[in-house]
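Here are some notes to read alongside the structure. Please keep the sequence open while going through the points.

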Amino acid sequence: MKVWAIVERSATGLRRVSLELAAKAGQLGDAAVLEITGLERYSALPAVAALATKADAERPDLILVGATPMGRDLGARLAARLAWAYASEATDLSIDGSVLTAMRTMYAGKVRATVRAQLPAVVSVRPGAFTLPRGAAPAAKGGGEADRREEREPKIEEVPADASAERLAFLRFEPTAAASGRIPLGEARVVVSGGRGMKGPENWKMIEELADVLGAALGASRAVTDAGWRPNEEQVGQTGRTVSPDLYIALGISGAIQHLAGMTSSKVIVAVNKDPEADIFKVADYGVIADLFEFLPAFTREVKKAKEAS
Amino acid sequence: MKVLVCAKQTPDSTVRVKVASDGRSIDAGQVTWAISPYDEYAVELALERKDADPQTIVAVVTVGPARARDALRQALAMGCDEAILVTGQGAEALEGLAVARAFAKVVEEAKPDLVLCGRQASDDDQGFVGPALAEVLGWPHVATVTKFSPAELPHETSGPAGTPGTGGVDVWDVWKEVEGGHEVWRASGPAVLTVQKSEKEPRYPSLPGIMKAKKKGIPERDVASLGIDASAPKLEVVKMEPPPARGGGKILRDGGASAAAELVRLLREEAKVL
């Protein structure tokens, strides 16, 4: 059983989901960890051309990609080129002989499904679906990071992108004004999300302070991104991101079904809302009925105290 | 220019879906149907181009059962010019790659300059058909698009898209949403764009729009007559279940500073996530 894990790099090193894939590939069989090189910006055609040529020659049984913006795009087109089965955003998978079984959500998170396909297959895997073996977790920022990175990186085979296959031209990158250099929403272990109850974009300073203390990514309800208070990419829910962090903190979010679909698979959910009838409390492990503007600064202070004490 | 939108009819996103008694599909009797949300954004984005350039023709196509005609009617009422329904026996059960081949047949006949799809349909959530359609056509694709416009080319070498000076080739600038912002990509010639969001909220059908849509014919194509290769890798659903039930959580009613301290204690000692 030959398994490929396609990894991705961010500014600070291999992405966590890539390490998760590499570890899983090793458990499943004869693993190779591949990285597309030579592209300043990921683009589907040169990446797919290079991988498809290699797959034709080496015949892996399973190709794993992260369910990241790049992985979902690459996985779909690669599967179409190879005419292999494709499952996106798997939250678990197993192999029995030549049959792949995967768990994934459908209907925008409202249904959990078990799906089956014949190998060979391409699967995109949700960040956090597989736990990292001990010692493989990305190092925290700070001294000695380079050494630790060396230690935790699996052996990577470079696959040069096929530049001759490109049909598009990259013009420029336009950063979002509010972009903060935070951890991507889909991969964060802690997410702090704000809703209409935050009353206005100027109040996000309070959310950012809490997120800073927690090392969290920022999320938002659709009402908030539609109103232009926060960038679209922070939207959690049906037409935004689906997240399943260890801790999801919903601040002033009422809990429309489309929002709930995007976050109910979080391990622990905290909701703060002044409306005791808000639907968000139906999925919360811990609910606080409170005026956000009183509660939030106090909560941030308490978290900071606790973090400093530990 | 002509834009073709590939859309799918899926359960209305504002309603709950229930797993059927067979444990591997949803209870269709309980469902109201609508255009899949991302496909609705794709329709809106195409209509925004038509607002900017009224010469633009926006066509919409779906592959599915007979009821999918309602989704097309909805798109026409929003302002699309034409609609095509690919249906017939087996249309609903086609696997992703075969659906892409069916769309590709329609694209080859309709000859649009650009094809728009939602980034994923809100039933299978796969996000496969858009990139697969580009693959079948041999076109490039750009994913998670939020905007496109005719390229701003230096004046002496070109005019607006499609005019002499670009060699008869339409050149498009396409905004792709990525982490931290947007990448702007240029496509020279036809491309498939999978849409993340439109610039504005999808428009509601106007009353005249609804009246006009009622009068428009929606030609039907039998999927069997397209002559596509229907063999495709299968992704079989063997089980469906509702997400694990949640709730029964602890509620702190006194929202003051003591609640803040209590919540931190619970998150550390009980939930062990701090």
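The points below cover the core, a sheet and the contact between the chains of this predicted model.

1. Start with the core. The largest nonpolar core holds 181 residues, and Leu64(A) and Leu133(B) have the most contacts inside it. Helix α3 (residues 96–110) of chain B supplies the largest share of this core, nine residues. In soluble globular proteins, nonpolar side chains tend to be buried together.

2. Which residues does Leu133(B) touch, apart from its neighbours within four places in sequence? They are Cys6(B), Ala100(B), Phe103(B), Ala104(B), Val115(B), Cys117(B) and Val192(B).

3. An open sheet is built from six strands with parallel pairing, in the order β13(A)-β12(A)-β14(A)-β15(A)-β16(A)-β13(B). The edges are β13 (217–220) of chain A and β13 (250–252) of chain B; each has a single partner strand, so one side of each has no neighbour in the sheet. From one strand to the next, the twist averages 20°.

4. Within chain A, strands β14 (residues 247–251) and β15 (residues 268–273) run parallel and are joined by five bridges. Ile249(A) stands opposite Val270(A) in β15(A).

5. Now the two chains. In the contact between them, 72 residues of chain B meet 72 residues of chain A. On the chain B side, helix α6 (residues 257–270) gives the most, with eight residues. That side consists of 37 nonpolar, 15 polar and 20 charged residues.

Technical notes: Residues numbered from 1 in each chain as written. Chains lettered and ligands numbered in written order. Predicted model: local features only at pLDDT ≥ 70, side-chain atom pairs only at ≥ 80, totals over all residues. Core = buried A, V, L, I, M, F, W, Y, C linked by C-beta atoms within 7 Å. Buried ≥ 20, exposed ≤ 12 C-beta atoms within 10 Å, placed from the backbone. Helix = DSSP H or I, 4+ residues; strand = E, 2+ residues; numbered from the N terminus. Contact = placed C-beta atoms within 7 Å. Pairing = 2+ DSSP bridges. Axes fitted to C-alpha atoms, helices over the stretch in contact; angles between N-to-C directions. Nonpolar A, V, L, I, M, F, W, Y, C, P; charged D, E, K, R; others polar.
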